Amino acid sequence: MPEIFAYTDGACSGNPGPGGWGVLLIAREGDTVLKESELSGGAEETTNNRMELMAAISALEALTKTAQVTIVTDSVYVKDGLTKWIHAWKRNGWKTAAKKPVKNEELWKRLDEAVARHTVHWEWVKGHAGHAENERADELARMGMQPYKP
């Protein structure tokens, strides 16, 4: 079965401000690339964290069949949110440890739903450090932001 790698990134011009998200999807079998595709989008008034979440959501929602997916992100917020914090948020009725509402709750719920359809492994990479696929996801995110910039 091929493995899917989803390189995701979000960008924002101002925080909040116009933002974009980008995804580079690569299907591999061993060392062989079977297929590559790119996705991007954006919003007029958003935050960087919302765009990081939208990139991961869009990557998973784009997959029409259940898959083994490695999401490669430079966002500790997204990776730790899904692998560490979300379990407590759900137990606490979508409240943080400080009893405050979880920011971006609707996007976390949507991401949680998308993750449930696949076998997902999360990998963090340092952003803007010359990682070719992460740099491409960043370019796609900036492209997704363009229609919303004044």
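Modeller: Gladly! One term to start: Ala, Val, Leu, Ile, Met, Phe, Trp, Tyr, Cys and Pro count as nonpolar, Asp, Glu, Lys and Arg as charged, and the others, Gly among them, as polar. On that basis, the lining of the largest pocket divides into nine nonpolar, three polar and three charged residues. Bear in mind that this is a predicted model, where local features need pLDDT of at least 70, side-chain atom pairs count only at pLDDT 80 or more, and totals for chains, interfaces and linings use all residues. Residues are numbered from 1 along each chain as its sequence is written, and side-chain values use heavy atoms, leaving out hydrogens and water.

Biologist: What makes T46 count as buried?

Modeller: Buried means under 20% relative accessible area (1.4 Å probe, protein chains only). T46 has 3% relative accessibility, so T46 counts as buried. T46 is found in strand β3.

Biologist: Which residues is T46 in contact with, leaving aside its neighbours within four places in sequence?

Modeller: Contact means heavy atoms within 4.5 Å, and the partners of T46 are C12, N15, P16, G17, P18, G19 and M51. Of these, N15 is 31 residues from T46 in sequence, yet their C-alpha atoms are 7.1 Å apart in space.

Terms used
Helices (H or I, at least four residues) and strands (E, at least two) are DSSP runs, numbered from the N terminus. Buried means under 20% relative accessible area, exposed over 50%, partly exposed in between (1.4 Å probe, protein chains only).
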